Amino acid sequence: MPRMEGSGLLWLTLASCLLTLVSAEQPGTRNLTKASSYGLDVECGAPGTPEAEVCFDPCQNYTVLDEPSRSTENTEDVQSCDKNLQGWYRFVGAGGVQIPETCVPMFRCQTAAPMWLNGTHPSLEEGIVTRTACAHWSENCCLWNKEVSVKACPDGYYVYRLDGTPDCDLRYCTDPSTVQDKCEESCRSEEECRLHDGVWGCFCRQDLNSSDVHSLQPQLDCGAKEIKVSLGKCQLQGLGFGEEVIAYLRDRNCSSILQWEERNWLSVTSPAQAGACGNILERNQTHAIYSNTFYLVNNFIIRDTILNINFQCAYPLDMKVSLQTALQPIVSSLNITVDGEGEFIVRMALFQDQNYTSPYEGTIAVLSVESILYVGAILDTGDTSRFNLLLKNCYATPTKDKDDPVKYFIIRNSCPNLQDSTIHVEENGVSPESRFSVQMFMFAGNYDLVFLHCEVHLCDFLNEQCQPSCSRRLNDVVAIDPARVLDLGPITRKGAQLPGVMSGAPSTKGFLLAWPMLLLPVLLAWLF
């Protein structure tokens with residue numbers, strides 16, 4: 001590269017002035033070079049001036065114009081003028097990033113006579129080119145014109161050298177179809193990405209027309225507390241449904257919520273409960289299934305065919321779902337308030353299976369002596385992200401009185417009774433659920449009923465050791481907080497004479513007849 005002649009001090013002074021001037025227009029660094037080395041891709045100072053041999057790349061030195069009002073789709077009755085625009089500019093934003101290459105109708109782009117580029121944009125290899133910008137007025141697409149310089153930049157954008165406009169009100173327009181990343185989200189097949197009220201978004205296709213009901217693709221959201229069915233607004237319009245529609249479920253008098261949502265969705269919601277809004281509940285061995293029908297009509301007066309869509313939500317059975325879907329489970333609930341942490345609800349129930357998905361229902365649980373009784377407790381409402389459920393003490397009594405002095409402990413001080421080999425604690429203190437099982441038994445003395453009681457503790461696992469350490473036998477005296485006790489029962493054996501013993505009191509007849517085969521000898525060690 002040949003050396004630049006002239007005073008070094010003059011060079012530094014000129015460079016400093018040019019850098020200061022550019023920094024006032026556009027943040028960044030002007031890439032200065034010598035006049036003898038420039039090509040078609042840089043701009044140099046005017047001939048005969050000290051800046052004549054100082055050049056820069058306009059792709060690195062420009063002023064940003066982010067003005068959506070320049071869009072050719074803008075028909076606002078406001079007159080603006082670009083008479084004072086001087087220098088290199090880059091158009092960005094929702095209005096478009098390029099000057100249009102076709103004649104623009106009058107009174108667009110927030111001006112009277114919109115200006116457009118009479119020629120094509122250059123390629124990257126062409127460097128800086130000269131084009132004519134025309135202004136449309138009085139039915140003449142080029143009544144006024146002005147020379148502009150254009151350059152294609154490596155990152156896929158264009159910069160323009162503008163030298164004002166021939167008159168006012170004239171303004172340079174932008175083509176909205178050139179917007180990059182116009183819509184933040186991908187549009188569905190029935191939508192198109194376009195500018196509306198100055199904002200780019202996904203809107204229903206204007207040419208959408210369908211008579212095929214099967215083209216509808218309902219979206220179903222099976223939530224823990226509610227079920228939501230959504231239909232695409234665009235697809236409904238294609239079928240002839242207007243803005244004013246009526247949607248309801250099988251029970252049209254229910255408090256279901258109909259609403260228009262973002263992204264052109266119409267939705268209706270109902271509680272995830274049997275009977276709510278006409279929900280029909282069916283259960284099999286693995287799932288609880290709610291089914292209903294979504295009806296849609298154009299008006300209160302129905303002459304056209306009603307659109308109806310059958311749907312169902314299947315929930316895998318677990319302890320919580322099985323209790324929600326059982327008609328009359330044998331369950332106990334307890335409200336617990338934790339200072340500073342809000343209110344919690346703990347539920348405990350009796351189950352027939354080791355998966356804890358088939359709760360006993362009715363008013364009494366009847367088991368054979370050989371049966372295994374499954375007991376599950378769950379933190380149903382509250383902050384499960386911080387608290388685990390811990391069963392501190394679980395015991396059986398022959399009466400419904402939780403303070404009955406006759407107690408058989410199944411869990412004491414959070415640990416199982418090691419003297420009873422039929423007791424199995426599946427989880428306790430490690431999650432929002434606690435589960436244990438024990439073989440059915442009866443109390444000696446002709447008691448026909450058994451009642452279960454469990455003292456619960458909400459364990460803050462961030463600050464407490466929640467998982468019990470049960471390596472040794474714990475026979476310490478137990479202090480039970482009756483306010484934290486859940487009660488279940490009665491439970492009885494098959495063939496027991498229920499009349500006269502529903503209260504849990506022993507009958508006089510046969511009082512001296514004990515049931516040694518029903519009571520394990522190890523019970524005696526855990527009665528008190």
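Predicted model: local features only at pLDDT ≥ 70, side-chain atom pairs only at ≥ 80, totals over all residues.

Modeller: Residues are numbered from 1 along each chain as its sequence is written, and side-chain values use heavy atoms, with hydrogens and water left out.

Colleague: What makes a space a pocket, and what makes a residue part of its lining?

Modeller: On a 1 Å grid over the protein atoms alone, a pocket is an open set of points with protein on both sides within 12 Å along at least five of seven lines, and a lining residue has an atom within 4 Å of a point. The largest pocket holds about 420 Å³ of space, where volume is the space filled by probe spheres set on the points.

Colleague: Which element gives the largest share of the lining of the largest pocket?

Modeller: That is H3, with four residues. Helix H3 (319–325), strand E20 (307–316) and strand E24 (372–381) each supply at least two; helices (H or I, at least four residues) and strands (E, at least two) are DSSP runs, numbered from the N terminus.

Colleague: How do you know that Cys 103 and Cys 141 form a disulfide?

Modeller: Their sulfurs are 2.1 Å apart, and a disulfide is a pair of cysteine sulfur atoms within 2.5 Å, so the pair qualifies. The structure holds 12 disulfides.

Colleague: Why is Cys 103 called partly exposed?

Modeller: Its relative accessibility is 27%; buried means under 20% relative accessible area, exposed over 50%, and partly exposed in between (1.4 Å probe, protein chains only). Cys 103 therefore counts as partly exposed, and Cys 141, at 29%, counts as partly exposed too.

Colleague: Are Cys 204 and Cys 234 buried or exposed?

Modeller: Cys 204 has 12% relative accessibility, so it counts as buried, and Cys 234 is buried at 1%. A disulfide joins Cys 204 to Cys 234, with 2.1 Å from S to S.

Colleague: Why is the disulfide of Cys 459 and Cys 466 called left-handed?

Modeller: The torsion about its S-S bond is about -90 degrees, so the disulfide of Cys 459 and Cys 466 is left-handed. Here the S to S distance is 1.9 Å, and both Cys 459 and Cys 466 are buried.

How values were computed
1 Å grid on protein atoms, 1.4 Å probe; cavity = no way out; pocket = protein on both sides within 12 Å on 5 of 7 lines; lining within 4 Å.
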